[in-house]
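Please look at the sequence and the model before reading on.

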Amino acid sequence: MAYATISDLEAWLAPEPAPANATRLLEQASDAIDLALTGAMYDPTDPDVKEVLRKACVRQVHWKMERGDETGAENDIQSMSAGSRSFTRRTVGDGAGGAPRIGPEAATVLRNSGLLTMWPLVVG
């Protein structure tokens with residue numbers, strides 16, 4: 001279950017509408033937040049915690065929308081050129097693929113609330 005609703009996302013994106021894939025993006029954002037908070041101790045039924053998770057979820061969706069990479073397929077791209085299409089992928093040991101990604105604003109919301117006390121991998 002997503003931590004935020006489409007209405008929450010629309011309020012954040014205003015005056016822009018929520019994208020057609022908003023439900024999926026909200027679910028993915030909630031999963032990313034859950035992964036970032038692995039090992040953290042908090043009460044998910046606490047209204048203040050729910051508000052923090054909602055805010056972080058909306059910001060995570062916005063970050064993914066701005067990156068234009070919903071699937072994370074480009075997570076391991078180190079550099080990219082538009083002309084003649086040149087891509088450079090990170091090699092193993094340089095943070096290549098598979099690492100969980102959370103946007104800087106979502107991480108800030110979680111960190112400022114005290115839920116996130118470690119430093120997740122933030123890209124972008």
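What follows goes from the overall layout to single helices, the core, a pocket and a few residues.

This is a predicted model, in which local features need pLDDT of at least 70 and side-chain atom pairs count only at pLDDT 80 or more, while totals for chains, interfaces and linings use all residues. Residues are numbered from 1 along each chain as its sequence is written, and side-chain values use heavy atoms, with hydrogens and water left out.

The protein has four helices and two strands. Here helices (H or I, at least four residues) and strands (E, at least two) are DSSP runs, numbered from the N terminus. Read from the N terminus, the order of the elements is α-α-α-β-β-α. Of the 124 residues in the protein, 32% are buried. A residue is called buried under 20% relative accessible area, exposed over 50%, and partly exposed in between, using a 1.4 Å probe and protein chains only. A contact means heavy atoms within 4.5 Å. Among contacts between residues at least 6 apart in sequence, 55% join residues at least 24 apart.

Start with helix 1, which covers residues 6-13. Which of its residues are buried? They are D8, L9 and L13. These residues lie on the same side of helix 1, because they cover an arc of only 125 degrees around the axis; the arc is that of the directions from the helix axis to the C-beta atoms. The exposed residues S7 and A11 sit on the face of helix 1 turned away from its buried side. Helix 2 (22-36) and helix 3 are among what covers the buried residues of helix 1. In the loop between helix 1 and helix 2 is P15, and the peptide bond from A14 to P15 is cis, with omega near 10 degrees.

Next comes the core. In soluble globular proteins, nonpolar side chains tend to be buried together. A nonpolar core is a set of buried Ala, Val, Leu, Ile, Met, Phe, Trp, Tyr and Cys residues joined through side-chain atoms within 4.5 Å. The largest one in this model has 25 residues, and those that touch the most other members are L9, I33, L37, L53, I102, L110 and L115. Helix 1, helix 2, helix 3 and helix 4 (104-113) each supply at least two residues of this core. Its largest share, seven residues, comes from helix 3. Leaving out residues up to four places away in sequence, L37 touches Y42, L53, L110, L115 and L116.

A56 is in helix 3 and counts as buried because its relative accessibility is 0%. Apart from residues up to four places away in sequence, A56 touches I33, A106, V109 and L110. The C-alpha atoms of A56 and S30 are separated by 8.5 Å, although the two residues are 26 apart along the chain. Q60 also lies in helix 3 (residues 47-67). Is Q60 buried or exposed? Q60 is buried, because its relative accessible area is 1%. Beyond its neighbours within four places in sequence, Q60 is in contact with A29, A32, R101, I102, G103 and A106. K64, another residue placed in helix 3, is buried with a relative accessible area of 17%. Between the C-alpha atoms of K64 and I102, 38 residues apart along the chain, the separation is 8.9 Å.

The second largest pocket holds about 170 Å³ of space. On a 1 Å grid over the protein atoms alone, a pocket is an open set of points where a 1.4 Å probe fits, with protein on both sides within 12 Å along at least five of seven lines; lining residues have an atom within 4 Å of a point. Grid points are joined across faces, edges and corners, and a volume is the space filled by probe spheres set on the points. The lining consists of M1, A2, Y3, A4, T5, D8, P44, K50, L53 and R54. Helix 3 gives the largest share of this lining, three residues. By type, the lining has six nonpolar, one polar and three charged residues; Ala, Val, Leu, Ile, Met, Phe, Trp, Tyr, Cys and Pro count as nonpolar, Asp, Glu, Lys and Arg as charged, and the others, Gly among them, as polar.

One of the lining residues, M1, is found in the segment before helix 1. M1 is exposed, because its relative accessible area is 89%. Not counting residues up to four places away in sequence, M1 touches E27 and S30. The C-alpha atoms of M1 and E27, 26 residues apart along the chain, are separated by 6.6 Å.
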